[in-house]
Amino acid sequence: MSRISAATIVAAGLAIPAFAQVMIDKPECVAPANPGGGFDLTCRIAQTGLEPHIADPVQVTFMPGGIGAVAFNLFNTTRTDDGSAIVAFSTGSLLNIVTGKYGEFTEKDVRWLATAGADFGAVVVRADSKYESLSQLMDDFSADPGSVVLGAGGSVGSQDWMKGALLLKAAGASPMDMRYVAFDGGGDAIAALLGGSIEIYTGDVGEMVPHLESGQMRILAVLSPERLDGAFAEFPTAKEEGYDVEWTILRGFYMGGDVSDEDYQKWVDAFQAAYATEEFAAVQKERGLLPLDMAGAELQASIEQRVQNLREIAKEAGLIQ
């Protein structure tokens, strides 16, 4: 069903907004990192985008540790049946599950709830960086990959590391020669970039919105299939610059594996109602995301396929056997 037709049906059937509001006791979105990164952004989309559809406001809390591992373990142990809480995840979270960085628990141990939208990788530098274009950076990668210090919110083998690895590979260098500094979340990595500890941040487009407005950072290239519009229309893709590097990030939410069908469905209903509105699309666009709207069983099936694809990529990269 298209966004327009869905919006028409919802508008006709729910003429009184108050009747459309879902009742969830103390709704909470857990961002499994420090403030300022992609998980924070994901929860803010839920907080703002669901406001008309849930009776009480969604509170955002932070649970840093292991790039999502602490939260994933908590919701697989002590908060498995918490029907009030949703947890932000990304494609990087799925990759961490695949490579065993979240411990013994797998993608089958939680309930995948809904998406916030699609984000894309970005090659980011400080505003005063010597790199004016992606080609200049790629030339240095090709000549001496160890001369450039990259950093991001993830350890070796994470999605942010893989962005850098793909860039080096496209430059004809070995990913094993990359000088990479791992941080516990995008916010910490951005602080390191601004402080001069790293030269390149392989982050995500969505989390760049407030920082680009402040003029502190620049995007050399976006790792999307095609050039984005809106605030990012001026930035070329890596493909435009002649390098076949792409990284699409799914952003969304999961819940504990023992959450009741009733509580799970309340959140699914709220997200599906939000997806049918122009207001939710506007929140996505404002945060630098493109619409990718899936909830409930549809998302569950998509996650299973994505994890299978990531396992294949991880094997090719030598991250798993």
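These questions and answers cover the cavities, aromatic contacts, backbone angles and chain contacts of a predicted model.

In this predicted model, local features need pLDDT of at least 70 and side-chain atom pairs count only at pLDDT 80 or more, while totals for chains, interfaces and linings use all residues. Residues are numbered from 1 along each chain as its sequence is written, and side-chain values use heavy atoms, with hydrogens and water left out.

User: How many cavities of 30 Å³ or more are there?
Analyst: A cavity is a set of points on a 1 Å grid over the protein atoms alone where a 1.4 Å probe fits but cannot get out. Grid points are joined across faces, edges and corners, and a volume is the space filled by probe spheres set on the points. By this rule, the number of cavities of 30 Å³ or more is two.

User: Which residues that line the largest cavity are the closest to its centre?
Analyst: The largest cavity has a volume of about 230 Å³. Lining residues are those with an atom within 4 Å of a point. The lining of the largest cavity has 23 residues, and the closest to the centre are Phe39, Ile67, Gly153, Gln159 and Asp160.

User: Which helices and strands each supply at least two residues of the lining of the largest cavity?
Analyst: Helices (H or I, at least four residues) and strands (E, at least two) are DSSP runs, numbered from the N terminus. The elements that each supply at least two lining residues here are α3 (38–49), α5 (91–98), α7 (159–170), α8 (186–195) and β7 (200–204).

User: How many charged residues are in the lining of the largest cavity?
Analyst: Ala, Val, Leu, Ile, Met, Phe, Trp, Tyr, Cys and Pro count as nonpolar, Asp, Glu, Lys and Arg as charged, and the others, Gly among them, as polar. On that basis the lining of the largest cavity has four nonpolar and 14 polar residues, and its charged residues number five.

User: At what angle are the ring planes of phenylalanine 72 and tyrosine 102?
Analyst: Rings of Phe, Tyr and Trp (its six-membered ring) pair if their centres lie within 6.5 Å; planes under 30 degrees apart count as stacked, over 60 as edge-to-face and the rest as tilted. The structure holds eight aromatic pairs. The ring centres of phenylalanine 72 and tyrosine 102 are 5.1 Å apart, and the pair is tilted because the planes are at 35°.

User: How many residues apart are phenylalanine 72 and tyrosine 102?
Analyst: Buried means under 20% relative accessible area, exposed over 50%, and partly exposed in between (1.4 Å probe, protein chains only). Phenylalanine 72 is buried at 1%, and tyrosine 102 is buried at 3%. Phenylalanine 72 is in helix α4 (residues 69–74) and tyrosine 102 in the loop between α5 and β4 (110–126), so the pair links distant parts of the chain, and the separation in residues is 30.

User: Which residues form one aromatic cluster?
Analyst: The pair of phenylalanine 72 and tyrosine 102 belongs to this cluster. The members are Phe72, Phe89, Tyr102, Trp112 and Tyr254.

User: Over the ring of which residue does the charged end of arginine 111 sit?
Analyst: A charge sits over a ring if NZ of Lys or CZ of Arg is within 6 Å of the ring centre and within 35 degrees of the ring normal. The charged end of arginine 111 is 4.1 Å from the ring centre of tyrosine 264. Helix α10 (residues 261–275) has buried residues that include Tyr264. The ring is that of tyrosine 264.

User: Is isoleucine 67 buried or exposed?
Analyst: Isoleucine 67 has a positive phi of about 50° although it is not a glycine. Isoleucine 67 is found in the loop between β2 (59–62) and α4. At 16% relative accessibility, isoleucine 67 counts as buried.

User: How far apart in space are leucine 194 and aspartate 128, C-alpha to C-alpha?
Analyst: Leucine 194 is in helix α8 and is partly exposed at 28% relative accessibility. Leucine 194 and aspartate 128 are 66 residues apart in sequence, and their C-alpha to C-alpha distance is 9.9 Å.

Notes: 1 Å grid on protein atoms, 1.4 Å probe; cavity = no way out; pocket = protein on both sides within 12 Å on 5 of 7 lines; lining within 4 Å.
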